[in-house]
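User: I've got a model to look over and a few quick things to ask. Can you walk me through it?

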Amino acid sequence: MRAFDDLYAANAKFAKEFGNSTLTGRAARGLAVVTCMDSRIDPLGLLGLKPGDAKILRNAGARVTDDVLRTLVLAVYLLGVDRVLVMPHTDCGMSKVTDSDVHALTGEQGVDTRSLEFHTVPDQDEALRHDLIRIRSTPFLPQNMPVTGAIYDVRTGLLTPAPRPDPSA
């Protein structure tokens, strides 16, 4: 068996019942979700959404990187997004290591990753606050666009909303 045969077989089965050919690519519910790449997270299911409702942006740690900002700009101005949820999760591998740890691990394999920033998460609450501020303060997105954060609990399936920012701050 070749490395991807199982995936192509599953796709052939999926395509026989495929019913989303009329979706436009716009976010029908106007939502973008920034979440982690962790396979325990089903962003559409846990938010009561279906294909076509939202733009899902995934990376390690659900961090708002330059690429996430670039993608949000495209989502807002081209694809109907008018609100953003940043959704990291409990038991995240990115909260269990530092960038230095990752560089050391890859270095043991002879791979020099020092030119990469991994955006590890030593303090998840602080990282979420930082990322929400980053979206809210960028000059490239509408200043009045609703932006919030919530932490998804991989053990219970529940979201805990981030504290609201102080409007006087």
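User: What pattern does the protein follow along the sequence?

Analyst: Quick ground rules: this is a predicted model, so local features need pLDDT of at least 70, side-chain atom pairs count only at pLDDT 80 or more, and totals for chains, interfaces and linings use all residues. Residues are numbered from 1 along each chain as its sequence is written, and side-chain values use heavy atoms, with hydrogens and water left out. Helices (H or I, at least four residues) and strands (E, at least two) are DSSP runs numbered from the N terminus; there are 5 helices and 5 strands here. Read in order, the pattern is α-β-α-β-α-β-α-α-β-β.

User: How many residues does the largest nonpolar core have, and which element gives the largest share?

Analyst: A nonpolar core is a set of buried Ala, Val, Leu, Ile, Met, Phe, Trp, Tyr and Cys residues joined through side-chain atoms within 4.5 Å. Buried means under 20% relative accessible area (1.4 Å probe, protein chains only), with exposed over 50% and partly exposed in between. The largest core has 21 residues, and Leu72, Val81, Val84, Val86, Ile135 and Met145 have the most contacts inside it. Strand 1 (31-36), helix 3, strand 3, helix 5 (124-137) and strand 4 (147-152) each give two or more residues, and the largest share, 5 residues, comes from helix 3.

User: Which residues does Leu72 contact, leaving aside neighbours within four places in sequence?

Analyst: Contact means heavy atoms within 4.5 Å. With those neighbours set aside, the partners of Leu72 are Ala32, Leu57, Val84, Ile135 and Leu141.

User: What share of contacts between residues at least 6 apart in sequence joins residues at least 24 apart?

Analyst: For a sense of scale, the C-alpha trace spans about 55 × 45 × 35 Å along its principal axes, and buried residues make up 34% of the 169 residues. The share of those contacts that join residues at least 24 apart is 67%.
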